[in-house]
Amino acid sequence: KAPNFVMRLFTVKPGGYSPKHEHFWEHEIFIVKGNADVFDGEKYVRVSEGDYVFVPPNALHQLKNASENEDLQFICVIPTNADEE
């Protein structure tokens, strides 16, 4: 196990999305497959395969699958202590 960070792979079906949420840690997101609309606390921004997103601590955010027929896959890199919130 890595001492500082964890990588999590998420798959979001067409029409799916994460809830709008915030947390005390920063994290980075890498889009593996598909297109996403990312809420940055003020507006939605379109990102695509190969793009990355930085989410600062305590920032309201959300990812939505922007495709009607393809899965969205993305990796979140978070601190190992993130589950202690």
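# Close-up views of a predicted model

**Figure 1. The aromatic pair of Phe-24 and Trp-25.** Trp-25 counts as buried, because its relative accessibility of 11% falls under 20%. The model shown in this and every following view is predicted. The structure holds 3 aromatic pairs. One of them joins Phe-24 to Trp-25, with 5.3 Å from centre to centre and 90° between the planes of the rings. This pair is called edge-to-face because an angle of 90° between the planes is over 60 degrees. Phe-24 has a relative accessibility of 38% and therefore counts as partly exposed.

**Figure 2. The aromatic pair of Phe-39 and Tyr-44, with Lys-20.** The ring centres of Phe-39 and Tyr-44 are 5.1 Å apart, and their planes make an angle of 50°, a tilted arrangement. Phe-39 counts as buried, because its relative accessibility is 9%. Tyr-44, by contrast, is partly exposed, with a relative accessible area of 34%. Lys-20 lies over the face of Phe-39, at 4.2 Å from the centre of the ring.

Figure 3. The antiparallel strands β3 and β4 are joined by 5 bridges. Across this pairing, Asp-37 stands opposite Arg-46 in β4. The hairpin of β3 and β4 has 4 residues between the strands, and Gly-41 takes a positive phi near 100° there.

**Figure 4. The sheet with the strand order β1-β7-β2-β5.** This open sheet consists of 4 strands with antiparallel pairing. Its edges are formed by β1 (5-12) and β5; each of them pairs with a single strand, so one side of each is left without a neighbour in the sheet. Neighbouring strands here are turned against each other by 20° on average, when direction is ignored. Between β2 and β5 there are 4 bridges, in the antiparallel sense. As an example of strand pairing, Val-55 in β5 is the bridge partner of His-27.

**Figure 5. The largest nonpolar core and the surroundings of Ile-31.** The core comprises 16 residues, and the members that touch the most others are Ile-29, Ile-31, Ala-36, Leu-63 and Phe-74. At least two core residues come from each of the strands β2 (27-33), β3 (35-39), β5 (52-55) and β7 (72-79). The strand that gives the most is β7, with 4 residues. When neighbours within four places in sequence are left aside, Ile-31 is in contact with several residues, including Ala-36, Leu-63 and Phe-74. The contacts of Ile-31 also include Val-47, Ser-48, Glu-49, Gly-50 and Asp-51, as well as Leu-72 and Gln-73.

**Figure 6. Ala-66 and Glu-68 in the loop between β6 and β7.** Ala-66 has its place in the loop that runs between β6 (62-65) and β7. Its relative accessible area is 27%, so Ala-66 is partly exposed. Beyond its neighbours within four places in sequence, Ala-66 is in contact with Asn-35, Ala-36, Asp-37 and Arg-46. Ala-66 and Ile-78 are 12 residues apart in sequence, and 23 Å separate their C-alpha atoms. Glu-68 lies in the loop between β6 and β7. Glu-68 counts as exposed, because its relative accessibility of 79% is over 50%. Along the chain, Glu-68 and Pro-14 are 54 residues apart, yet their C-alpha atoms are separated by 5.1 Å.

Terms used:
Residues are numbered from 1 along each chain as its sequence is written. This is a predicted model: local features need pLDDT of at least 70, side-chain atom pairs count only at pLDDT 80 or more; totals for chains, interfaces and linings use all residues. Side-chain values use heavy atoms; hydrogens and water are left out. Rings of Phe, Tyr and Trp (its six-membered ring) pair if their centres lie within 6.5 Å; planes under 30 degrees apart count as stacked, over 60 as edge-to-face and the rest as tilted. Buried means under 20% relative accessible area, exposed over 50%, partly exposed in between (1.4 Å probe, protein chains only). A charge sits over a ring if NZ of Lys or CZ of Arg is within 6 Å of the ring centre and within 35 degrees of the ring normal. A nonpolar core is a set of buried Ala, Val, Leu, Ile, Met, Phe, Trp, Tyr and Cys residues joined through side-chain atoms within 4.5 Å. Contact means heavy atoms within 4.5 Å. Two strands pair if DSSP finds at least two bridges between them. Axes are lines fitted to C-alpha atoms, for helices over the stretch in contact, and angles run from 0 to 180 degrees between N-to-C directions.
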